[in-house]
Amino acid sequence: MLDIERDDLQPQQLSFNAQGLMPAIIQDVETKDVLMLAWMNREALERSLQTGYTWFWSRSRGRLWQKGEESGNTQSIESVRYDCDADTLLILVRQGGDKLACHTGKPSCFYRTLN
């Protein structure tokens, strides 16, 4: 059984869901604003760790994508953390480009309030 209380897990020891995905919360390292939530599979996580920039799995397109590959709004990784169950990531980033995380042109995907 995996000891998720350890602080030294390797990426292959993280818990991905039945679809092979894990949610990744992206947070600005300076402002602490939550920028977005995206999905990673093992390959996206490996590429992110290797390149130092965020990569995700697009469920709608069925392929890997690097944040900023079209918009230029890249995310340079400062830190990758995992939660107590080792099934969710928190990735602290520095934004590049126009510093717009959302595809709508907003700084964060969380710009609307539910009333």
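Biologist: Which residue takes a positive phi in the hairpin of E3 and E4?

Modeller: This is a predicted model, in which local features need pLDDT of at least 70, side-chain atom pairs count only at pLDDT 80 or more, and totals for chains, interfaces and linings use all residues. Residues are numbered from 1 along each chain as its sequence is written, and side-chain values use heavy atoms, with hydrogens and water left out. Strands here are DSSP runs of at least two residues, numbered from the N terminus. The hairpin of E3 and E4 has four residues between the strands, and the positive phi, near 65°, belongs to Gly62.

Biologist: How many bridges join E3 to E4?

Modeller: Two strands pair if DSSP finds at least two bridges between them. Ser58 has Arg63 in E4 as its bridge partner. E3 (residues 55-58) and E4 (residues 63-66) run antiparallel, and the number of bridges joining them is four.

Biologist: What kind of aromatic pair do Phe56 and Trp65 form?

Modeller: Rings of Phe, Tyr and Trp (its six-membered ring) pair if their centres lie within 6.5 Å; planes under 30 degrees apart count as stacked, over 60 as edge-to-face and the rest as tilted. The count by this rule is one aromatic pair. Phe56 and Trp65 have their centres 5.1 Å apart and their planes at 45°, so the pair is tilted.

Biologist: Which strand does E1 pair with in the parallel sense?

Modeller: Six bridges join E1 to E2 (residues 34-40), and these two run antiparallel. Met22 stands opposite Met40 in E2, whereas Ala24 stands opposite Leu89 in E6. The parallel pairing of E1, over five bridges, is with E6.

Biologist: How many of the seven residues of E1 are buried?

Modeller: E1 covers residues 22-28 and is mostly covered. The number of its residues that are buried is six.

Biologist: Where does the charged end of Lys106 sit?

Modeller: A charge sits over a ring if NZ of Lys or CZ of Arg is within 6 Å of the ring centre and within 35 degrees of the ring normal. Arg47 lies over the face of Trp55, at 4.8 Å from the ring centre. The charged end of Lys106, 5.3 Å from the ring centre, sits over Tyr111.

Technical notes:
Buried means under 20% relative accessible area, exposed over 50%, partly exposed in between (1.4 Å probe, protein chains only).
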